[in-house]
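Dear colleague,

Please read the notes with the coordinates open beside them.

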Amino acid sequence: MEWETVIGLEVHVQLATQTKIFSGSSIAFGAEPNTQACAIDLAMPGTLPVANEQAFRYATMFGLAVDAEIGKRSVFERKNYFYPDLPKGYQTTQLEEPIVGPGNVDILLSSGEQKRVRIHHAHLEEDAGKSVHEGASLGFSQAMSGIDLNRAGTPLIEVVTEPDMRNAEEAVAFARKLHSIVTSLGICDGEMSQGSMRFDVNISVRLKGGELGTRTETKNLNSFRFMERCIEQEVERQIEVLEEGGTITQETRLYDGDTHTARAMRSKEEANDYRYFPCPDLLPVILDDDYIEQVRSTLPELPDARQKRFEETYSLSAYDAGTLSADAAVASYFEATAKASGDAKLAANWLMGELSAKLNAEEIAIGGSKVSAEHLAGLIARIKDQTISNKIAKQVFEAMWNGEGDADSIIDAKGLKQVSDSGALEKMVDEVMSNNPSQVDNYRKADEKKRPKMLGFFVGQIMKASNGQANPQQLNEILKNKLDAE
Amino acid sequence: MNPSEIEKLANLARLKINEETIEQTAKSITEVLSLVDQLKAAETEGASPMAHPLDAVQRMRADVVSEANQREAFQKIAPATENGLYLVPKVID
Amino acid sequence: MHKLTIAEIARKLRSKEFSSEEITRHLLQRISELDTRYNSFVTVTAEQAIAQAKQADTRLASGDTEPMCGVPFAHKDIFCTNSVLTTCGSKMLSNFVPPYDACVVTNFKNAGAVMLGKTNMDEFAMGSSNETSYYGPVKNPWDTNCVPGGSSGGSAAAVAALLAPGATATDTGGSIRQPAALCGITGIKPTYGRVSRWGMIAFASSLDQAGVMAKSAEDAAIMLNTMASFDEKDSTCVDQPLEDYTAGLGNPLAGVTVGIPKEYFGEGLNAGTQAAVEAAIKELEKAGAKIKSISLPHTHLAVPAYYVIAPAECSANLSRFDGVRYGYRCDEPKDLEDLYKRSRGEGFGDEVKRRILVGTYCLSAGYYDAYYGKAQVVRRLIKQDFVEAFKEVDVIAGPTSPSPAFQFGAKSDDPVAMYLEDIYTIATNLAGLPGMSLPCGLVDDKPVGLQLIGNYFAEGKLLNLAHQFQQATDFHSLAPASIA
C-alpha cells in the first residue's frame, strides 16, 4: 500500500507591538507574573477593549506580503470557552470576516523544486495567559495551578494554510519561510523559544489518490526540529494504526519537547461548542484602499525579492541566495560583509561555513555573533590580497571569535602573514629538495601525468616548515620550476 | 427542553443547576423559547443583520504603553493568590 | 430640603440657604430612618459623602459654577466605584470592591456631586420588578406591597421616596423608563453611545446605556449634562459634540410633530393607563404640538428579538465571573470544573442563570441561524421602522409600561409575563434610540408613565417636550401620601 500524508498548519504569530491588542499593557517578555495585566486583561467587570492600531498595520503588512486580499471590513467575534488562562471566558478573535483573505507562500525544496502553499486566511486575535504548575517551588500546593495573565491579550495573527503539504520537509520549509517573512517584515521577533511563533500541525494519511483520512492536531510546537520529528512520528503512528486495521481518532495531541513524544490531550475538546458571535464591545474595522496602499508603500524587501536580488547582484547560486536571504538579519550581515570586503562569494562561503557552524554550536542568533560583519570583511580582504591563506584565515577567525581583535591585529600579533618573498621561498624549496633526494629523483622519473600529485609531498613539507605561512601559489610555481629544471 | 438538554447547556455555561429545580428550569426555558420562536415566522427577506445600533466603525488606539503595574491592588480582591499568581485547582491539559 | 429639585438645590447652595454638608447630612439621616421601608440602597457611603460635601462647599465658596457641585445623588450599584462595594445586585459580587471608577462615576466626581450611596437593582440588571436582587426586593414608595419596576428599582424608589433628588441608572430593555413610570418620576435613557459604558458592569453590551432618574425633566437635563461625555475607553461611545441639555428647555412646542404608534395601544394595555397616556397626548397638543398617528409594524417582534440578543450577549459577558480573579468563589472546589460550576451556580440567582442558559442555547451549534442570526435581522427591521417614522415626526409618544405597579410575586414565577412588562420600551434599545418616561397621572393611586422616544441624539428635544409638559401639569410633583 502506498500512503500519502496530508498536512495543514495553523501558525500563531505574536506581533511585535509595544502593547496588547485591546489594552495599553506592555507585552515585553519576562516580566514578573501578572505585573503586565491591567483591568482589561484581567476582565474586571465593566472594562472594555479598544483596538491597537499597530496590530492592524502588522496584519495588513502580512496579508500584502503573502499576496492576499486584505479584508476591508473585518469583524471581531467571541469564541466562548472556560479556561483559567482566558479571563473573559471568551477569546476575542475573527472568524467570518478575517483581516487577511486567501494568499500563498512559495517554498523551495531540497530537490530544487519550488512549491506553492496556499494560505486559507489569517486573522487577528488575542493570546491567552499561562498556567504554572510548579507549586512546590512557588509556595503553593501541587494540587493547584498558578495563573499568569501577562501574556493574555498579546496580539497574534493566526495563519491557516490549506492542507497542501505532503511531508515533514515541506511543512518545515513552509514554517521556515513564514518565519522569514514575518521577521523580514519586522512584525514578529521570531523568537521561537519565547513562543513568538507556535505551530499547530494537522496531519492525516490516506491511500494515494484516496479520500482524505481522519486528522489529528498536534498543538503548540515551537521549534522547527520538534515539528519535523513530531510529523514523522505521527505519520508513522497513523500508518501503523491503519495497516493494523485500526481507525484514527480525531483528537488534539500535545508534543513534549523533553521526551520527544506526543499524547492525546486529556481535556475533552470535542465537548466544546464555541458559540461564536460578533463581539458587541467592538465595532467592525474598516480599512480603505488609501490605507492599504499606504501600508504597501512601507513594506520592506521580502525574502523572495531579496533572493532574486542576491542572485543578480552578487552572482550567487539560487541555493546560496536562498539561504542568505531567508533571515533579514542574516541577509543584512551578508550584505555588509560582501560590500566591505568586496568579495560576495567569499563572504557567502564564510557566512554559510565557519560563521554558521559557530553560531549553531553555541546556539546564538546572528545578532549575537561574536564576529562582526566588519571584522569578517577585514579577514576576507586579507585572504583576497594574499596576506594570509585560507587555512590561516580559519585560525584568525577563531581568534576573532574569541575576542582577540580584528584580522589585521591578530595577523600582526601572531606573525601569521603569508611568506610571499620569492627569495625566502626559494631557500625553503632548496632545503626540502636537498633533504629528500630520493623523492626528487622519483618525481623527475615519473611521467607528466603523475607529477602534479607528487608535487603535494613537497608542498606539505614546506607548509609544515613555514607554519602554513608560505604563499601556496608562489610556492607551487617555484617548486615546479626547480623540480622540472633537472 | 428536557432536563438532560438543560444539563448539557448548563455544562457549556459552567453552571451547577440543582437536581430539585432542574424540571422547573426546563419548563421556564421552554416558555421563553416559545416566546422567541415568534421570530421564526418573521418575514426578513432583504434585510441585513444588525449587530450595533449605530452602524459605526471601530476607533483605533495608538500603540503606546498606558497601563502601570497594579498587581497589588488587583490581587487584594482575589480569592486566592500566591507569589503573584492566581490560584485554581490544577489545570489538566 | 428633601423635596427640592436639583435645580433648586443648586440655586440654594449658591444663595447659601444651606450648605452641601447640611443637605447631605439631612438626606443621609432620611435614608437611615426610612430606607428600611424601601430597601432602595445596597450601600450608603455616609462618611465619604460628608467628605465630598465638605469639598464641594469649598468649591462653591470659590464660585464653582458646575450645576451638580454639592448636589447629593445616588449611583446605581452597577457602576464601579473605586474603594466602594459594587455588587450589581448579585451574590457573585457581594465582596467586590473595585480599584477603579466607572467613567460616569468620574464625571460626577469631577463635577463635585456628592454620592450618598449605591442603589439596589435586579441582579445584573436582569429583571423588571427588582425581585431578583440578592439584597432583597425594593418596595415601591407609592405602595410598599408593589414592585418599583426594574432593573433600576432602587434608583427609582430612592428618588420617589425623596431620599435622593436624582440617581444614575441603566437601561437595557426599559430598566430606566419602566421603574420611572412605576415610581412616578422622570427618567431618560440617552442614545446608545452617548454615555460611556466604561466601568458599568455589562449585561448586554449592544443594548446597555446609562441614563438618569430625577424629579423633573429639568433635573434630568442637568444630570445628563454631567454624565454624558466622549470616552476613548469605550469603543462604542460616540465622538460627537456634547449638547447643553438645559439650553433648549424653553423652546415652544409649536411646530413639533408627535407620532402616536398604533401598535402601542393594542391588547394588553391597561385601560386606566391608556386613558392617562391619551390625556397626556392631548395636553401636548394643547401646548402646540402636532399629533400624528403612525405605525411601527415590527413592534410585535421586539420582545422575541430582545430575548435572543440580550441573553446571547449576557451569556458571554457573564463568563468572566468564574471565581478566579475576584468575586464569589465556592468553598473547597474539588477540581477546576467544580470551581466554575459551583462558584457560578451559587453566585448567580435563578433569573441570571435562566438568561445565560437561553443565550447559550441561542448561540449553540445548529441553533445560531434560527435564533441569533434571525434576531439580528429582525433588529434591523425594527430600527428601520423608527427611521421611517422619524421622517414624518419629531418625537414618538405612548405608554411606558402596560400597567401600573403590580404586587410582589404577581409575575415572578412567570418569566414571559415579566418580559412583556417591557413590551413598549425594548424596541428603543434594539434601535439604540433615546427614550424617556415622565409621570402623566395616577391609576388606583399608582403612577402612570408617558414614554417619549426621540431620533438619534435628540435628547434635547425629548427633554424640552417633557419640560413643557411639566410646566403645564404637576404630575411630576406628586408624591406618595405616606411620604412627608
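A salt bridge here is a side-chain nitrogen of Lys or Arg within 4 Å of a carboxyl oxygen of Asp or Glu. This is a predicted model, in which local features need pLDDT of at least 70 and side-chain atom pairs count only at pLDDT 80 or more, while totals for chains, interfaces and linings use all residues. Residues are numbered from 1 along each chain as its sequence is written, chains are lettered from A and ligands numbered from 1 in the order in which they are written, and side-chain values use heavy atoms, with hydrogens and water left out.

Salt bridges

K88(A) forms a salt bridge with E126(A), with 2.8 Å between the closest N and O atoms. This pair links distant parts of the chain, since K88(A) sits in the loop between β4 (76-80) and β5 (90-94) of chain A, whereas E126(A) belongs to strand β7 (residues 114-126), 38 residues apart; helices (H or I, at least four residues) and strands (E, at least two) are DSSP runs, numbered from the N terminus. K88(A) counts as buried at 15% relative accessibility, and E126(A) is buried as well, at 6%, where buried means under 20% relative accessible area, exposed over 50%, and partly exposed in between (1.4 Å probe, protein chains only).

E4(A) and R166(A) also meet in a salt bridge, at 3.6 Å from N to O. Here E4(A) lies in strand β1 (residues 3-14) of chain A and R166(A) in the loop between β10 (155-161) and α3 (168-185), 162 residues apart. E4(A) is buried, with a relative accessible area of 15%, whereas R166(A) is partly exposed at 25%.

In a further salt bridge, the side chains of E398(A) and K358(A) come to 3.2 Å, N to O. E398(A) is in helix α11 (residues 390-401) of chain A and K358(A) in helix α9 (residues 344-361) of chain A, so the pair ties together parts that are 40 residues apart in sequence. E398(A) counts as partly exposed, at 35% relative accessibility. Salt bridges that share partners also join R78(A), D281(A), R197(C) and D234(C) into one network. Over all chains, the count comes to 59 salt bridges.

The interface of chain B and chain C

With contact taken as heavy atoms within 4.5 Å, 49 residues from chain B and 65 residues from chain C take part. The area buried between the two chains (the accessible area, 1.4 Å probe, that two parts lose on being put together, summed over both) is about 4,900 Å², of which carbon and sulfur atoms give 70%. In chain B, L39(B), M50(B) and R59(B) lose the most area to chain C, together 15% of what that side buries.

The rule finds three salt bridges across this interface, and R380(C) and D55(B) meet in a salt bridge at 3.0 Å, N to O.

Chain B itself

Chain B has three helices and three strands, which follow the pattern α-α-β-α-β-β along the sequence. Its C-alpha trace spans about 55 × 45 × 25 Å along the principal axes. Of the 93 residues of chain B, 40% count as buried.

With best regards
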